[in-house]
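Subject: Structure for your files

Hello,

Here is the structure I said I would pass on. My notes on it follow below.

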Amino acid sequence: MEEKLHKPHKNPGSTLKSMSWYALVAACIKLLLIPSYHSTDFEVHRNWLAITHSLPLSQWYSEETSPWTLDYPPFFAYFERFISIFANLIDPTIVHLQKGLNYNATTVIYFQRMTVIVSDLCLFFALYRLTAKMDSRKRNLIWVLVASSPGLFIVDHVHFQYNGFLLGILLLSLSFLEEGREFLGGLFFAVLLCFKHLFAVAAPVYFVYLFSRFCRGGFLRGFGRVLWMGVVVALVFAAAFGPFVYYGQIKQVLHRMFPFGRGLCHAYWAPNFWAFYIILDKGLAFLLWKLGFNIQTPAASFTGGLVGGSSPFAILPQIVPNLAKYLFIELVDCHFGISYASITPLTTFIMVLLATSPALIKAWRNPCPGMIIKWVAYAYTCGFLFGWHVHEKASLHFVIPLAIVALQSSEDAKHYFLLSIVSSYSLFPLLFEAQEYPIKVLFLLLHSIVMWLAFSAHFAENRVIKATAPGHKGSDKLEVKASSRAVNKKGEFLIGWIGKIYLLGLLVVEIWGQFLHPYLLGTRFPFVPLLLISVYCALGIMYSWIWQLKWIIRSS
């Protein structure tokens, strides 16, 4: 019975039917969230429906009736145009440029929420393709990990975005690469970039991996395959951007897509490397002020982490290079003529590329399809940590793909358990209204319990199977020894005392921000709760980056 249970399904129809049930249950939960709070992103996407429906294509990227102008690549604009056809049938005000501004009728709320729920089918289909050849137990556990992700519920179905749909395209691309179908993998990734260009962080990994795979069969054959892949990608980009080139709008499109003037940080509490940078900046400013230097700092302000053109340095002192320039200009510049440059998009691009280089080297030397998911996830982790104007929601770009490989070993499971909790908690500030507080807490608690039970059951059963399998006792001892830090002798899932202390720290941060800070400090220092979330969660994301880096370096 056990052997039959763990054999891969040979009936695709049965697997697809099982996946349909998971999608249905997830959809029912999402339906319950329809009346909940939605962010300004809701009005952003409604306005994009109006722009693409009411105006000719040549005016899509120049229209400015609303401050929420179209700034996604053309494929997403075409997607909005397609949706707008149905929106116009349901309620014409939804797609009206003037009358639709800040439109909040029940029809628009239900319609837009339903478009996200329906578009999530792309994610579930991609999961089906990625897990179709796995045994039923592992496949079901992976489906549960993704379907119960608090990040997707919070960002897409409360806050409002289409990350599930876009991640579905990414996972489709990875599923083809895992099957050795490089052209289809590259095609879907090119399509993804024309939907949302922020996924381009993984483009170097894709390029190196595909180039290395193509060149393995000899120079002439490899050159022909590279050329054909280039033609496929060029055709995709031509379909996306070609009409705008024809209408002379390509500069405006690129200007909207790359608004570097927004600043280094999207919101100062985003849990990445720049959170530490901000703290260092603040510390240096205070130290220099104490030493008698006249440090000019902007007046304190607080955005609550909401989307906008804000920079963390609107409430904190100027960035470190400027502090250094201020400090040394009197002491050094007048004698040596040295100037100091501030952080620029090029600087962050170089940092991301350098951080990603170990994965690029591995992908070039041994382009193994089984490794591609971890390499791509690592690239997105690097982009999140060191990138320019990073959105806090971008943690989904690596958390969801890592769910696919979370059951490869007990150490992978331990890493994913901690990362998923930290990533989900870092999104809490997106839902800042009191009525949504129980929702986000409940989602995170349930997801944590589900992960714990799933990992415990999986590795306990694996241990029993391997212990009773003939001819594997010696190798089993070695494997158990290697994974003893994550699974004990009884097969129980462990995260270690450091992991427990860190997760307990999340609870302390939450209690301070929600209860102690308002009680003890009132309205003073309103930025402190978000600052604590930012820095503390950044420690967890940094741990994930280091763990992934070590795995990539050690992998053969």
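Which residues have the most contacts inside the largest nonpolar core? They are L170 and F455, in a core of 145 residues. Helix α17 (residues 372-386) supplies the largest share of this core, 12 residues. Leaving aside residues up to four places away in sequence, L170 touches F189, L192, F199, Y206, V376, Y380, H397 and P401.

Please keep in mind that this is a predicted model. The average pLDDT of the protein is 85, and 83% of the residues score at least 70. Two stretches call for caution. Over residues 299-341 pLDDT stays under 50, and the model has 85 contacts beyond four places in sequence for them. Residues 474-484 also stay under 50, with 6 such contacts in the model.

As for the overall make-up, the protein has 23 helices and 0 strands. Of its 556 residues, 52% count as buried. Among contacts between residues at least 6 apart in sequence, 77% join residues at least 24 apart. The accessible surface comes to about 25,700 Å², and carbon and sulfur atoms account for 70% of that.

L520 lies in helix α22 (residues 496-521).

The count of salt bridges is 9. One of them pairs K374 with D412, the closest N and O atoms being 2.8 Å apart. This pair links distant parts of the chain, K374 being in helix α17 and D412 in helix α19 (residues 410-426), 38 residues apart. Both K374 and D412 are buried.

Another salt bridge joins the side chains of R129 and E179 (3.0 Å, N to O). These two are 50 residues apart, with R129 in helix α6 (residues 121-131) and E179 in the loop between α9 (163-178) and α10 (182-195). R129 counts as buried because its relative accessible area is 17%, under the 20% cut-off. E179, at 31% relative accessibility, is partly exposed. The side chain of E179 also meets that of R181 in a salt bridge (3.2 Å, N to O), and R181 is partly exposed at 40%. Through shared partners, R129, E179 and R181 form one network.

Regards

Methods: Residues numbered from 1 in each chain as written. Predicted model: local features only at pLDDT ≥ 70, side-chain atom pairs only at ≥ 80, totals over all residues. Heavy atoms only, no water. Helix = DSSP H or I, 4+ residues; strand = E, 2+ residues; numbered from the N terminus. Core = buried A, V, L, I, M, F, W, Y, C linked by side-chain atoms within 4.5 Å. Buried < 20%, exposed > 50% of the residue type's maximum accessible area, 1.4 Å probe, protein only. Contact = heavy atoms within 4.5 Å. pLDDT = per-residue confidence, 0-100. Areas by Shrake-Rupley, 256 points an atom, 1.4 Å probe, with all protein chains shown as cover. Salt bridge = Lys/Arg side-chain N within 4 Å of Asp/Glu carboxyl O.
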